[in-house]
Amino acid sequence: MINSSSDNVRKLSSINRRMFITGSFKFLIMIGLVSRLFFLQVKENKKYLTLSDKNRIREWKLAPVRGEFHDYFGNVIAGNFEAYQLHIIPEQVEDFRYVIYRVKDLLELSDKQFKKVLKKKNEIKPWETLIVSDNLSWKKFSKINNHLYDLNGVKPVISISRNYPFKGNFTHLIGYVSQANENDIETNEQIKKNFVPGLKVGKVGLERSFEEKLIGSNDIERYEVNAYGRRISQLEFQKGEKGKTLRLTIDTEVQKLANELLKDQAGSICVMDIYTGDIIAMHSSPSFDPNLFVFGISEDDWQLIRNDPMKPLVNKTLQGNYSPGSTIKPIVALSALENGIVNTNFTVNCRGHKHPLELYGQSYHCWKKEGHGFMNLRNAMKQSCDIYFYEIARKLGVDKLSETAKKFGLGKEVFGDLFNIEKKGLVPNTQWKKNALGQGWLLGETVITGIGQGYIQTTPIQLCLMTAQIGNGGHKIYPRIVLNDQNKETQIDKFIPLYENSENIKIVQDAMFASTNEVRGTSYKSRIDDLKYQFAGKTGTAQVKKITARDRELDLKTFEIPYEERDHALYVAYGPYKNPRYAVSVVVEHGGSGSTTAAPMAKKLFKLIIDRHSLRESINDKKYLEI
Amino acid sequence: MIKNIWRFKMYQHTRLTNNNFSFFSKFKNFDYILLTCILLLGFISLATMYSTDGGKVLFHTKSHFTKLIAFTFMMLVFSFINIKFWFSIGYFSYVVVIFLLIWTYLFGITSSGSQRWINLYFINLQPSELMKIFIILCLAKYFHRMKLEHVNSIYTLLTSLIIIILPMGLVIVQPDLGTSLLIAISGIAVIWFAGINHKYFIYTMLGFVISLPFIIAFLKPYQKLRVLTFLDPDRDPLGAGYQIIQSKIAVGSGGLFGKGFLKGTQSYLEFLPEKHTDFIFTLFSEEFGFVGSALLLVIYAIIIYRIIAIGAGSRSYFAKIFCYSFGAAIFVYITINMSMVLGLLPIVGSPLPIMSYGGSSMLATMIGFGIVMSAKVHSQQSIA
């Protein structure tokens, strides 16, 4: 009994001792836990708070609203419209198969489109938006709205999208927008910054050139999301800015007329203010509807545009390199006068096809079979006598001619780097030929350059600028399309003279006047006698292929020649003659002769442009801003 | 006269039924501090559960509430049962739970890759959780009458090791390493308090360190991954390291006063894994901050303190060793769980007592509390 009780005492003291040891350990560990908590929650709190916010807050960017294009009078020529779209969030749909087949029936989707939608559905998360259709007609949109009762989870949405109300009228000038591709994102910082899936960016034309200004900035939505990325609640909405609206110098009415005139023909029309350089109209034909590209063009439409023999995708105004033909003659004449090669009395006898100009065994004919007889400068220009211009070009030499031509804007881009597609044209000289072709210049080449054939190439916009600068008395102007483009504003109203002697310009102007308004002038038929509309111009007929002796014998009418071999018809003019203001260039590809095809178009254009002149003057920048 | 007889009869009656302890004196002997703490903990756990359900009374809240009420009542009933009864069922209950573990091994329910539960129709019981308590009860009885000099005999050591290793093995095969370790720790706690020589612990520890490479070689690939992740959670932040990183973010972002009740973004935006069960402390800590977490720890500390105090005040060796061991075991559960969510230990499946969702764990803990409370109520009871 005593034994057992002493054992009990020992047992108790052992257990109590161990209890104290354990207790102290527990105490220390507890303190350790509390200090760990303190470290995480108080000391490192900021770090973990940031991490927690990073976890739960996510930003969504919405597509920015694109700036618009207005014409000079404030008409919208590239605007935004509300596109009717159909969205489905798959996870909110109870029976996705049923709903999607129902939608397919209602929208009359083709099997191909339907498969595309199903493919898209598989690529996204179930709570992300599936865009079934991005541009529904009002009819289909309302049809869907009427059937919403059994289309759970289907959302009709109105979204802002690009619209070109004048369809093909401005295509080559404005360009079009389409979904941004990887290349767009990589090359343009602004696009990269504002990119959201489905963002539409300018692909060509002014839409592309002014992308940075037009694009605007995103609306930003900040959402709280859960661990699976699902949006729980909206925390913030940051409104973006609409892109800048650009006002152009274009007159929609003139542009429309240009479209009408070149309907079913390939070519280009440019109209320019000869003092401000404002482009009133600029059209390349044939055109196409830029709206087709906004939601992605269908394969059929694309093939149709691509394979058109008249090449609607080419902006002929800026990209078309044409031989200027006789439209170069004012510059040749001016150059000869300026360099003192000829005076107004210098005469050349044109004796018809039997007596062409012979040079080193090559003969150079005038276009007129019978010949013009004795020609001075005014008459030669008026009747576009080739023999006369062969002669003065020969005397002038190509280097001096090219100097004058370059002064008047040929051989370099009219708009600088505004359009990435603009061609330079070509004003040849001896140096150029040596560098480019490695050959010496031939005198025969000088001779044909004198009538705008051979190496010389110009774009329609260059011809327009050249004419404008002759029309304004030989002063340099800087063409512009966008009015509120500050970068260019500073250059205006410096009229640098391009001539040595202003008399020479007047002589050329007078000769151009004769060409249009006097009997036997090449465009006499297209004249307007009313002084208000009277204009002065120069026709041009550019050969597409060399005229052989056999062709000369046959002397076929235009419609008898295959389309591809017909001459290009050109016409440049400025008016009104007494107090000029506007210059026009018309190029009709394979249109036959300048006097029969191109000049009548200019006549119609001048009528309209001058009619609208007072209206244009009445609008100044201030008024526009107030509206 | 009549009065006296009446008194006598009443005395006799209570004596016969309650074995020297009247019902009211039992009430008086209750440890109200412990009871208050348990109820407080129950209330906190309920509120936290409500938060995990996203501020709505949903399945987890309801289920937790029902279990809390039922098991608290059970605990109170257990406190009135004489400590002698618990002594008497020490071996029997152990055998029953062993049987249940075998049953689990044979016919158990498999969920997320391990076979831990048996279906009792009204509850899915996890016998391994019960073993955490009944192994203490069994070993406490085993050492109760043993003389101190016999404690360190080979025979005793082997017997107690077998008692520990048998359920461990049955739990490891489920597989459930976490619980089997906790069972082992419960058992080792009893052996420690029983007075086994320090040197055995030191030798075991040395042996463990030496054999560590071999143990690692035997670990399952997912267990190895956990250890590697513990050493560097950032090696796979969206995979293996995700749980611990998100857990630390939740705790750390709580700050001094927390984000506020029902405002724990980490939890209600579902960044937290296992937020009902093992990671419940993370949610609590995120919403109530350092102050709340420290307060919770204080409540646990008081509970453990009371358990030890009850043991110290008990007359019987059995009650003493049970209370000390249970206190140590509870402490280890809490420590392991918290160290795990605070990134101090690799991830092991171990619930936080009372706080975590899970019927079996709460049942086991409440049985433990019930026995401790019974020891308090019957503190003067000696066991022959």
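Chain B has 17 helices and 3 strands. Chain A comes to 27 helices and 19 strands. The model is predicted. The two chains meet: 36 residues of chain B are in contact with 35 residues of chain A.

**Chain totals**

- Chain B has 384 residues, and 48% of them count as buried.
- Chain A has 627 residues, of which 42% count as buried.
- In chain B, 70% of the contacts with a separation of 6 or more are between residues 24 or more positions apart.
- In chain A, 74% of the contacts between residues at least 6 apart in sequence join residues at least 24 apart.

**Where chain B touches chain A**

- Five helices of chain B each supply at least two residues of the side that touches chain A: H10 (177-194), H13 (242-254), H14 (265-268), H15 (280-313) and H16 (317-341).
- By class, the residues on this side of chain B are 22 nonpolar, 10 polar and 4 charged.

**Helix packing in chain B**

- Two packed helices are described by the angle between their axes and the distance between the axes.
- Helix H7 (residues 127-144) and helix H9 (residues 154-172) of chain B have axes that come within 11 Å and cross at roughly 170°.
- An angle over 145 degrees counts as roughly antiparallel, so H7(B) and H9(B) are roughly antiparallel to each other.
- H7(B) brings B:Ser128, B:Met131, B:Ile135, B:Cys138, B:Leu139 and B:Tyr142 to this contact, while H9(B) brings B:Ser160, B:Ile163, B:Ile164, B:Pro167 and B:Val171.
- The contact of H7(B) with H9(B) has 9 nonpolar and 2 polar residues, with no charged ones.
- H9(B) also packs on H10(B): their axes come within 8 Å and cross at roughly 170°.
- H9(B) is therefore roughly antiparallel to H10(B).
- On the H9(B) side, the contact is made by B:Ser160, B:Ile163, B:Ile164, B:Pro167, B:Met168, B:Val171 and B:Ile172.
- On the H10(B) side, it is made by B:Leu177, B:Thr179, B:Ser180, B:Ile183, B:Ala184, B:Gly187 and B:Ile191.
- This contact of H9(B) with H10(B) has 10 nonpolar, 4 polar and no charged residues.

**Nonpolar cores**

- In soluble globular proteins, nonpolar side chains tend to be buried together.
- The largest nonpolar core has 110 residues; A:Val271, A:Met272, A:Cys464, A:Val584, A:Val586 and A:Ala602 touch the most other members.
- Domain 2 (60-247) and domain 3 (252-287 + 322-622) of chain A both give residues to this core, so the core lies between them.
- Beyond its neighbours within four places in sequence, A:Cys464 is in contact with A:Cys270, A:Met272, A:Val572, A:Ala583, A:Val584 and A:Ser585.
- A second, separate core has 107 residues, including B:Trp86, B:Leu182, B:Ile183 and B:Phe284.

**Backbone exceptions**

- Most residues other than glycine have a negative phi, and most peptide bonds are trans.
- The peptide bond from A:Gly575 to A:Pro576 is cis, with omega near -10°.
- A:Pro576 sits in the loop between strand S18 (568-575) and strand S19 (582-588) of chain A.
- Another cis peptide bond joins B:Gln174 and B:Pro175, with omega about -5°.
- B:Pro175 lies in the loop between H9 and H10 of chain B.
- A:Tyr360 is not a glycine, yet its phi is positive, about 45°.
- A:Tyr360 is in the loop between strand S14 (357-359) and strand S15 (362-364) of chain A.
- A:Tyr360 has 7 other C-beta atoms within 10 Å, so it is exposed.
- B:Leu262, also not a glycine, has a positive phi of about 70°.
- B:Leu262 belongs to the loop between H13 and H14 of chain B.
- With 14 other C-beta atoms within 10 Å, B:Leu262 is partly exposed.

- B:Ser267 is in helix H14 of chain B, one of the helices that supply residues to the side touching chain A.
- B:Ser267 has 26 other C-beta atoms within 10 Å, so it is buried.
- B:Ser267 and B:Gly54 are 213 residues apart in sequence but 8.6 Å apart in space, C-alpha to C-alpha.
- Apart from neighbours within four places in sequence, B:Ser267 is in contact with B:Ser51, B:Thr52, B:Ala250, B:Leu272, B:Lys275, B:Leu283 and B:Glu286.

How values were computed:
Residues are numbered from 1 along each chain as its sequence is written. Chains are lettered from A and ligands numbered from 1 in the order in which they are written. This is a predicted model: local features need pLDDT of at least 70, side-chain atom pairs count only at pLDDT 80 or more; totals for chains, interfaces and linings use all residues. Two residues are in contact if their C-beta atoms, placed from the backbone, lie within 7 Å. Helices (H or I, at least four residues) and strands (E, at least two) are DSSP runs, numbered from the N terminus. Ala, Val, Leu, Ile, Met, Phe, Trp, Tyr, Cys and Pro count as nonpolar, Asp, Glu, Lys and Arg as charged, and the others, Gly among them, as polar. Axes are lines fitted to C-alpha atoms, for helices over the stretch in contact, and angles run from 0 to 180 degrees between N-to-C directions. Angles under 35 degrees count as roughly parallel, over 145 as roughly antiparallel, 65 to 115 as roughly perpendicular and the rest as oblique. A nonpolar core is a set of buried Ala, Val, Leu, Ile, Met, Phe, Trp, Tyr and Cys residues joined through C-beta atoms within 7 Å. A residue is buried if 20 or more other C-beta atoms lie within 10 Å of its own, exposed if 12 or fewer, and partly exposed in between; C-beta atoms are placed from the backbone. Domain bounds come from an automatic or database domain assignment.
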